[in-house]
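Subject: Structure handover

Hi there,

Here is the structure I promised to pass on to you. Have a look at it first, and then read on for my notes.

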Amino acid sequence: MNSIKRRLSDLRFTNAFTRELTRDPLTQGDPLVRPSSRNPASIVPRQVHGAHFSFVQPEHLPDPHLISVSHSTAALLDIDNDDLDSTLAHSPAERDAFVAVVSGNEVPATTNPWAMCYGGHQFGSWASQLGDGRAICIGEATNAAGQPWEMQLKGAGMTPYSRFADGYAVLRSSIREFLCSEAMYHLGVPTTRALSLVGSSRLVSREKEETGAVVCRLAPTWVRFGSFEIFLSRNDVPGMRKLADWTIQHHFSHVLVEAPEEERYGRWLQEVVRKTAVMIAHWQAVGFCHGVMNTDNMSILGLTLDYGPFQFLDRYDPEYICNHSDHSGRYSFDSQASVGFWNLTKLASTLSPLIVEELGGDKEKAETRLREILQEYPKAFYRQYRVLMSEKLGLTMLRDDDLDTLVTPLMKVLGEQQPDYTHFFRSLSTDFRLAENQAASDSQDAAGKDACRIPGPSSPPLKDALKDWYPLYRSRLLADLSASALAPSTTPADVSRTSSSSSASSSSSPSGSTPDAADLAAADKDRTSRMTSVNPKYILRNHLAQRVIEEAEKGRYEAVNEFLEVLQTPYEEGTKTQQEKWAGPVPSWAVDMKCSCSS
């Protein structure tokens with residue numbers, strides 16, 4: 001490849017959203033043609049009725065400079081990463097061209113940027129029209145595999161949906177969003193992506209004056225629950241139906257094949273329920289607190305969306321509130337699953353006219369159908385959560401009672417002891433031994449350390465507090481070892497066994513004999529390998545992000561890329577320097593450091 005595609009303007013823009021949906025009448029234009037000038041109506045905050053979007057040109061960003069690029073995200077756009085590195089490093093003209101596009105200073109000739117119209121429930125109350133107040137899609141680029149990626153610039157200036165804001169984003173929040181988007185992806189959590197982070201000399205007024213920045217982020221679509229809510233709130237069912245049909249056609253096309261016409265909307269909603277449940281189960285398993293689960297922040301694709309005052313748990317506190325603006329604790333860590341359900345009930349209520357229509361106008365039948373669909377949420381959530389927690393515990397077989405007999409008792413003790421969540425599971429991966437006569441090197445509580453050592457004498461984390469739990473855990477692992485001869489598997493996702501099928505002796509090796517030291521050592525080695533591949537060593541902790549931010553605010557960006565490097569390989573041990581810098585214990589002053597929505 002002799003270019004980085006080579007300028008982003010060479011991408012193939014398809015812009016299905018603006019080609020097929022309804023535009024703001026005050027911002028006319030061709031979806032695939034760059035406008036010759038900026039339309040004044042596109043930057044005046046106002047109510048936009050009967051439209052799914054407004055065409056909006058990004059505002060010029062003064063003195064843009066490239067801080068970081070995600071190579072794995074660039075690959076989604078068919079950008080050759082070797083060529084990307086070489087070109088950005090050795091060709092100032094090409095680097096400037098790249099920065100011009102991802103900063104919004106140069107719109108490619110074959111696209112017309114836009115901002116979406118949507119509403120939302122914020123902290124449980126209807127907030128009416130919200131929309132993309134500072135995010136502007138420069139276009140939908142479709143790659144060689146036929147995958148669409150809407151490229152959105154966050155912090156690119158005012159739109160009709162900016163309300164009382166300025167349309168900008170500060171460097172502080174932009175670094176957090178850029179890093180977390182990529183960290184979540186590499187942790188295996190469904191998420192939107194971030195391509196680049198561009199700094200600027202622009203001064204932005206928040207609690208204090210800060211420098212501005214722009215993040216170029218990617219998603220197959222940025223449609224969210226609130227995209228549908230705004231239309232029903234205005235009694236515009238045709239507008240909502242048009243958006244629903246577009247979403248199904250472009251992002252749930254299998255529904256068109258699998259479901260008869262009279263079940264299409266219901267089947268689609270069922271998929272959204274499942275995807276949302278899976279996403280939140282991942283949050284709970286990895287210890288991620290979103291902080292602002294408003295319906296305008298809920299992706300219709302079940303992707304983690306809009307990184308604001310988020311936090312990965314330091315100590316395990318199920319009632320932890322990461323957003324210091326959340327005075328009621330509505331979005332606490334342990335409330336996320338129930339809030340997800342609440343948000344889905346709002347979406348189901350919004351889409352109810354479509355369900356009524358496809359059921360021939362029978363409202364009672366539609367109500368029953370919606371109730372059935374929503375009842376799938378807890379099932380999907382706990383099914384996914386059980387798989388994820390079983391993997392974190394190194395189990396190879398699933399049992400129906402795993403949550404009740406193993407996971408819940410463990411989490412209860414963790415809630416009481418409040419160890420570092422990430423360090424506990426990493427230590428459990430490496431420091432627990434199946435051998436009953438394991439020699440503990442000392443009685444030190446290991447929950448606060450994170451050393452992945454070769455097999456040898458060890459002391460499991462929270463040894464005393466979990467003295468009643470560890471025998472259960474050991475017995476469960478031995479039962480897996482015994483059952484593996486009958487149903488070999490790699491992860492809990494490969495095979496599901498009910499509690500009634502646990503009659504195999506927990507004290508036998510795969511061959512049926514009592515396991516000896518060699519059997520147990522081999523099992524420990526295998527389990528440690530599995531567990532360290534799902535229990536991360538590196539996560540985006542707030543105090544580490546703050547360290548990176550403080551360096552960046554002084555014009556030193558090396559730490560951004562250093563941190564990104566380990567976040568892209570969160571399960572690897574890394575170098576000794578990386579471990580000391582990015583994986584050590586959280587300082588007492590930094591435990592539970594919180595952020596606000598201000599960004």
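**Cysteines**

A search through the whole structure turns up zero disulfides. Cys322 is in no disulfide, and the nearest cysteine sulfur, which belongs to Cys289, is 3.5 Å away. Cys322 is buried, with a relative accessible area of 1%. Cys117 also counts as buried, because its relative accessibility is 3%. Please keep in mind throughout that this is a predicted model.

**Strands and hairpins**

Let me take the hairpin of strand 4 and strand 5 next. Strand 4 (residues 119–122) and strand 5 (residues 125–129) run antiparallel and are joined by three bridges. His121 has Trp126 in strand 5 as its bridge partner. Two residues sit between the strands of this hairpin, where Phe123 takes a positive phi near 55°.

Strand 6 (residues 135–142) is mostly covered, with eight of its eight residues buried. Its antiparallel partner is strand 7 (residues 148–154), and seven bridges join the pair. Within this pairing, Cys137 stands opposite Gln152 of strand 7. The hairpin of strand 6 and strand 7 has five residues between the strands, and Gly146 takes a positive phi near 85° there.

**Helix 7**

Helix 7 covers residues 237–251. Its 15 residues should span 21 Å at 1.5 Å a residue, and the end C-alpha atoms are 20 Å apart, which agrees. Gly239 is itself buried, as are Val237, Met240, Leu243, Ala244, Trp246, Thr247, Ile248 and His251 of helix 7. What covers the buried residues here includes helix 1 (16–20), strand 7, helix 6 (225–233), helix 8 (253–258), helix 9 and helix 10.

**Helix 12**

How many of the 17 residues of helix 12 are buried? Twelve are, so this helix is largely enclosed by the rest of the structure. Helix 12 (residues 376–392) reaches 24 Å from its first C-alpha to its last, close to the 24 Å expected at 1.5 Å a residue. The buried residues include Tyr377, Ala380, Phe381, Gln384 and Tyr385, and Arg386, Glu391 and Lys392 are also among them. The cover over the buried residues of helix 12 includes helix 9 (264–286), helix 10 (336–358), helix 11 (363–374), helix 13 (402–417), helix 14 (421–431) and helix 16. Just after helix 12, Gly394 takes a positive phi of about 80°.

Helix 16 (residues 517–532) holds Arg530. This arginine, Arg530, counts as buried because its relative accessibility is 18%, which falls under the 20% cut-off. The side chain of Arg530 makes a polar contact with the side chain of Asp526, at 2.3 Å.

**Salt bridges**

The count comes to 29 salt bridges.

- Arg267 pairs with Glu263, the closest N and O atoms being 3.4 Å apart. Arg267 is partly exposed, with a relative accessible area of 24%, and Glu263 is partly exposed too, at 33%.
- Lys412 pairs with Glu416, with closest N and O atoms 2.8 Å apart. Both residues lie in helix 13, four residues apart, which is about one turn of the helix. In an α-helix there are 3.6 residues a turn, so residues three or four places apart point the same way. Lys412 counts as exposed, because its relative accessibility is 55%.
- Arg541 pairs with Asp420, with closest N and O atoms 3.0 Å apart. Arg541 lies in the loop between helix 16 and helix 17 (542–552) and Asp420 in the loop between helix 13 and helix 14, so the pair ties together parts that are 121 residues apart in sequence. Arg541 counts as buried at 2% relative accessibility, and Asp420 is buried with a relative accessible area of 12%.
- A network of salt bridges links Lys154, Glu177, Arg217, Arg224 and Asp306.

Happy to talk any of this through with you.

Best wishes

Definitions and conventions: Residues are numbered from 1 along each chain as its sequence is written. This is a predicted model: local features need pLDDT of at least 70, side-chain atom pairs count only at pLDDT 80 or more; totals for chains, interfaces and linings use all residues. Side-chain values use heavy atoms; hydrogens and water are left out. Buried means under 20% relative accessible area, exposed over 50%, partly exposed in between (1.4 Å probe, protein chains only). Two strands pair if DSSP finds at least two bridges between them. A polar contact is a pair of N or O atoms within 3.5 Å; within protein, one must be able to donate a hydrogen and the other to accept it, and residues adjacent in sequence count only if both atoms are side-chain atoms. The expected span of a helix is 1.5 Å times one less than its number of residues. Contact means heavy atoms within 4.5 Å. A disulfide is a pair of cysteine sulfur atoms within 2.5 Å. A salt bridge is a side-chain nitrogen of Lys or Arg within 4 Å of a carboxyl oxygen of Asp or Glu.
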